[in-house]
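Welcome, and thanks for taking a look at this one.

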Amino acid sequence: MFAADKPTVPGGPGRAPGRSPLTAARSFSRRSVLGTTLAATAGLAVGCGNDSAATGDGSSSFTYWSMWKQDEPQATVIKAAIDRFTKDTGVTVNVQWKGRQVVQQLAPTLNTSNVPADLVDSADRFAYAQLYATGQALDLTPVLGLAVHGESGNTVGSVVPAKYRDLDTTDGVLWQLPYEVLTTQIWYDGHALPDVAAQPPATWDEFAALLSTRRRKRGDGPLALDGDIADYAAYWTYYAVLRGLGPGAFGRAAADKSGALLKADGFVDALARIEDLVKGGDFTKGYDGSKWPAVQQKWAKGKSDFLLLGTFAPSETAEFAGSGFTYRSFPFPAFASGGDASQDISLIGFSIPKKARNTAAAQKFLAYFFAKKHLEGISSKAKNLTPREDITAPAELADAQKALASGTVVKTLDGVKETAAEWYTKVFQPLNTAFLTGGLTAKDFAEKLSSDSAGYWKTAA
């Protein structure tokens with residue numbers, strides 16, 4: 001999951017302020033732009049590895065608007081690839097480091113004849129809302145057939161697994177090509193907890209037993225949570241529903257205009273697992289009144305044991321970690337042996353506006369950047385996961401990469417930040433935060449969420 005919708009802080013992939021309601025996204029028709037893209041990409045597969053500046057649309061340059069700031073590690077990696085790309089192909093890239101609201105800045109121009117960017121990168125939910133849902137995303141499916149620069153026999157489609165591409169595809173339109181992968185794990189210090197490192201809990205009963213042991217030893221709850229960050233509280237609820245009811249259940253309940261699914265027995269049963277943690281004192285003292293990042297900083301200093309957070313957790317807490325701290329992680333445990341073990345996924349990737357003028361040159365760069373020697377900097381320098389399975393994760397994320405390799409991947413929050421963002425922020429988050437901080441029981445939370453959701457959908461556009 002993305003570290004978003006929280007106070008702005010330096011660096012990291014998840015500083016994405018601003019919540020653009022996606023209500024309108026539900027009413028847009030799905031239109032394929034495959035024909036346009038095929039025309040633009042004609043002849044590129046052969047030309048990706050040579051020194052010619054010629055592209056399918058005749059352009060020798062393109063403009064790229066990036067979500068990164070120039071001094072961030074990802075920007076450094078991409079800038080190095082751009083420099084090599086220009087040297088090898090003669091195609092000039094006019095890059096502008098716009099920051100997290102890049103797609104929102106681009107949005108007003110997308111339906112004009114003067115779209116200023118030919119390539120843009122962003123978090124998947126913003127690309128969906130501002131590009132795909134408005135009919136302004138070029139279908140990148142033909143890019144999958146392009147030869148990866150310098151890699152004999154490899155195409156973009158062969159190095160970017162379908163399980164990630166599918167999460168950025170809607171009604172057959174590939175509206176984003178992902179280059180960075182984020183997932184949620186339960187983090188801990190392997191140096192301080194060698195027994196956990198040797199055998200992480202795989203089921204809820206094992207997890208509950210571990211929490212009980214650590215709570216007694218600490219005299220405090222072992223779970224870290226900054227309760228003022230609504231997204232962080234949502235991780236607990238979402239994963240409980242995912243484990244209890246399987247992939248898609250949360251999304252279906254969110255979209256149920258009657259609200260009935262939000263108070264069904266299975267849904268309440270899943271919530272009851274989290275209520276047990278709250279009532280049992282498993283969250284560290286003061287979490288319910290914390291101000292981010294106080295609790296996660298204390299966690300890094302050894303004041304609590306476990307932190308449910310995205311793969312940005314190590315880079316976000318490293319400066320506060322104690323001496324010898326070893327980042328280890330395990331997936332949210334299954335409710336029973338053999339139960340759901342899906343891993344939630346958020347993606348960062350490239351999109352091309354439908355009305356961009358230099359689409360072929362931009363696509364040529366994509367085939368260049370997805371070469372291992374360029375993309376692996378996202379791991380080695382920016383300390384994040386990439387979709388390429390032949391790129392070794394940084395040591396801090398090795399457990400997370402292993403979990404993704406062995407498990408089914410699903411869209412974070414079942415995609416509700418894309419398809420029902422207003423419901424998520426206005427209805428779900430306030431009630432869920434009250435639930436996670438002890439203000440509501442599981443049953444009361446479900447009843448209130450059900451009734452408030454039904455009321456919301458009656459008036460939603």
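In this predicted model, the largest pocket has a volume of about 430 Å³. Its lining is made up of 20 residues, and those closest to the pocket centre are Pro 200, Pro 201, Phe 330, Pro 331 and Ala 403.

**The largest pocket**
- Two elements, strand 9 (327-330) and helix 18 (398-406), each supply at least two residues of the lining.
- Helix 18 gives the most to the lining of the largest pocket, contributing 4 residues.
- By type, the lining residues divide into 10 nonpolar, 5 polar and 5 charged.

**The protein as a whole**
- You will find 21 helices and 11 strands in the protein.
- Of the 461 residues in the protein, 59% are buried.
- Contacts across the sequence are worth a look too: among those between residues at least 6 apart, 78% join residues at least 24 apart.

**Two helices that pack together**
- Two packed helices are described by the angle between their axes and the distance between the axes.
- Helix 10 (residues 230-245) packs against helix 20 (residues 421-436) at an angle of about 75 degrees, and their axes are 9 Å apart.
- Angles of 65 to 115 degrees count as roughly perpendicular, so helix 10 and helix 20 are roughly perpendicular to each other.
- On the helix 10 side, the contact is made by Ala 230, Asp 231, Ala 233, Ala 234, Trp 236 and Thr 237.
- On the helix 20 side, the contact is made by Tyr 424, Phe 428, Gln 429, Asn 432, Thr 433, Phe 435 and Leu 436.
- The residues of this contact divide into 8 nonpolar, 4 polar and 1 charged.
- Thr 425 also lies in helix 20, and it counts as partly exposed at 23% relative accessibility.
- The C-alpha atoms of Thr 425 and Asp 231 are separated by 9.3 Å, although these residues are 194 places apart along the chain.

**A covered helix**
- Helix 5 (residues 124-132) is mostly covered, with 9 of its 9 residues buried.
- Among the buried residues of helix 5 are Asp 124, Arg 125, Phe 126 and Tyr 132.

**Leu 193 and its surroundings**
- Look for Leu 193 in the loop between strand 6 (177-189) and helix 8 (194-198).
- Its relative accessible area is 7%, and buried means under 20%, so Leu 193 is buried.
- Leaving aside neighbours within four places in sequence, Leu 193 is in contact with Tyr 188, Arg 214, Asp 305 and Phe 306.
- Between the C-alpha atoms of Leu 193 and Thr 326, 133 residues apart along the chain, the separation is 9.6 Å.

**Backbone details in the loops**
- Trp 292 and Pro 293 are joined by a cis peptide bond, with omega about 5 degrees.
- Pro 293 lies in the loop between helix 12 (265-279) and helix 13 (294-300).
- Lys 383 is not a glycine, yet it has a positive phi of about 60 degrees.
- The loop between helix 17 (377-380) and helix 18 holds Lys 383, which counts as partly exposed at 37% relative accessibility.
- Leu 413, another residue other than glycine, has a positive phi near 55 degrees.
- Leu 413 sits in the loop between strand 11 (409-411) and helix 19 (416-419), where it counts as buried at 0% relative accessibility.

Note on methods: Residues numbered from 1 in each chain as written. Predicted model: local features only at pLDDT ≥ 70, side-chain atom pairs only at ≥ 80, totals over all residues. Heavy atoms only, no water. 1 Å grid on protein atoms, 1.4 Å probe; cavity = no way out; pocket = protein on both sides within 12 Å on 5 of 7 lines; lining within 4 Å. Points joined across faces, edges and corners; volume = space filled by probe spheres on them. Nonpolar A, V, L, I, M, F, W, Y, C, P; charged D, E, K, R; others polar. Axes fitted to C-alpha atoms, helices over the stretch in contact; angles between N-to-C directions. Parallel < 35°, antiparallel > 145°, perpendicular 65-115°, else oblique. Contact = heavy atoms within 4.5 Å. Buried < 20%, exposed > 50% of the residue type's maximum accessible area, 1.4 Å probe, protein only.
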